[in-house]
Amino acid sequence: MYLVHAHLELPPGNRLPPDVRELVRASIVPGDRVEHVAVHPRSSSRLTLGFYLLADGLGEAEERAVRVCGRLLCDVPQLAGARLTGAGVPLIPLAFEAQPVE
């Protein structure tokens, strides 16, 4: 399972709908292989979606998140004007630092 963050931004003057969490979650279908989606409004016009996806590899997970977002932007009228500004696995630098060998 992979966590992929997708960043969406609405056009100037548009605002996220108050029920954005429910709209996004209701739009996920079994074929997306999304186990969970976290919805994080960043401002009145910016949103980060955290997709927990089943995939055979990192590239597939990121591609799957981009496809799901593309469908959301087409199928959810309240997000129709939004654009995907980025998608990728968040990096946690300290988790990968080498530990001293004793």
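Two residues are in contact when they have heavy atoms within 4.5 Å of each other. In this chain, 63% of the contacts with a separation of 6 or more are between residues 24 or more positions apart. The structure is a predicted model, in which local features need pLDDT of at least 70, side-chain atom pairs count only at pLDDT 80 or more, and totals for chains, interfaces and linings use all residues. Residues are numbered from 1 along each chain as its sequence is written, and side-chain values use heavy atoms, with hydrogens and water left out.

**Confidence**

- The predictor's confidence in each residue is given as pLDDT, on a scale from 0 to 100.
- The chain has a mean pLDDT of 88, and 89% of its residues reach 70 or more.
- Among the elements of the chain, strand 1 has the highest mean pLDDT (95) and helix 1 the lowest (89).
- Where pLDDT is low, the predicted coordinates should not be read in detail.

**Elements**

- The chain has two helices and four strands; helices (H or I, at least four residues) and strands (E, at least two) are DSSP runs, numbered from the N terminus.
- Read from the N terminus, the order of elements is β-α-β-β-α-β.

- The four strands form an open sheet with the order 2-3-1-4 and antiparallel pairing; two strands pair if DSSP finds at least two bridges between them.
- Strand 2 and strand 4 (83-88) are the edge strands, each pairing on one side only.
- From one strand to the next, the twist averages 20°; axes are lines fitted to C-alpha atoms, for helices over the stretch in contact, and angles run from 0 to 180 degrees between N-to-C directions.
- Strand 1 (residues 2-9) and strand 3 are antiparallel and share eight bridges, and His5 stands opposite Gly50 in strand 3.
- Helix 1 (residues 20-27) packs on the sheet and touches strand 2 and strand 3, with its direction at about 160° to that of strand 2.
- Helix 2 (residues 58-75) also packs on the sheet, where it touches strand 1, strand 3 and strand 4, with its direction at about 130° to that of strand 3.
- Strand 2 (residues 34-41) and strand 3 run antiparallel and are joined by seven bridges; a hairpin of four residues connects strand 2 to strand 3.
- Five bridges pair strand 1 with strand 4 in the antiparallel sense, and Leu8 has Leu84 in strand 4 as its bridge partner.

**The nonpolar core**

- A nonpolar core is a set of buried Ala, Val, Leu, Ile, Met, Phe, Trp, Tyr and Cys residues joined through side-chain atoms within 4.5 Å.
- Buried means under 20% relative accessible area, exposed means over 50%, and partly exposed lies in between (1.4 Å probe, protein chains only).
- Of the 102 residues in the chain, 35% are buried.
- The largest nonpolar core has 26 residues, of which Val24, Val37, Leu47, Leu49, Phe51, Leu53 and Leu72 touch the most other members.
- At least two residues of this core come from each of strand 1, helix 1, strand 2, strand 3 and helix 2.
- Helix 2 supplies the largest share of this core, six residues.
- In soluble globular proteins, nonpolar side chains tend to be buried together.

- Leu47 lies in strand 3 (residues 46-53) and counts as buried because its relative accessibility is 2%.
- Leu47 and Leu16 are 31 residues apart in sequence, yet their C-alpha atoms are 8.0 Å apart in space.
- Apart from neighbours within four places in sequence, Leu47 has contacts that include Leu16, Val20 and Val39.
- Phe51 in strand 3 stands opposite Val37 and also opposite Val4.
- Beyond its neighbours within four places in sequence, Phe51 is in contact with residues including Ile28, Ala65, Val68 and Leu72.

- Ser27 belongs to helix 1 and is buried because its relative accessible area is 19%.
- The side chain of Ser27 reaches the backbone oxygen of Leu23 at 2.8 Å.
- Setting aside neighbours within four places in sequence, Ser27 is in contact with Asp32, Arg71, Leu72 and Val76.
- Arg33 sits in the loop between helix 1 and strand 2 and counts as partly exposed because its relative accessibility is 33%.
- Arg33 is a residue other than glycine with a positive phi, near 60°.
- Most residues other than glycine have a negative phi.

Definitions and conventions:
Polar contact = N/O pair within 3.5 Å; in protein donor to acceptor, adjacent residues only side chain to side chain.
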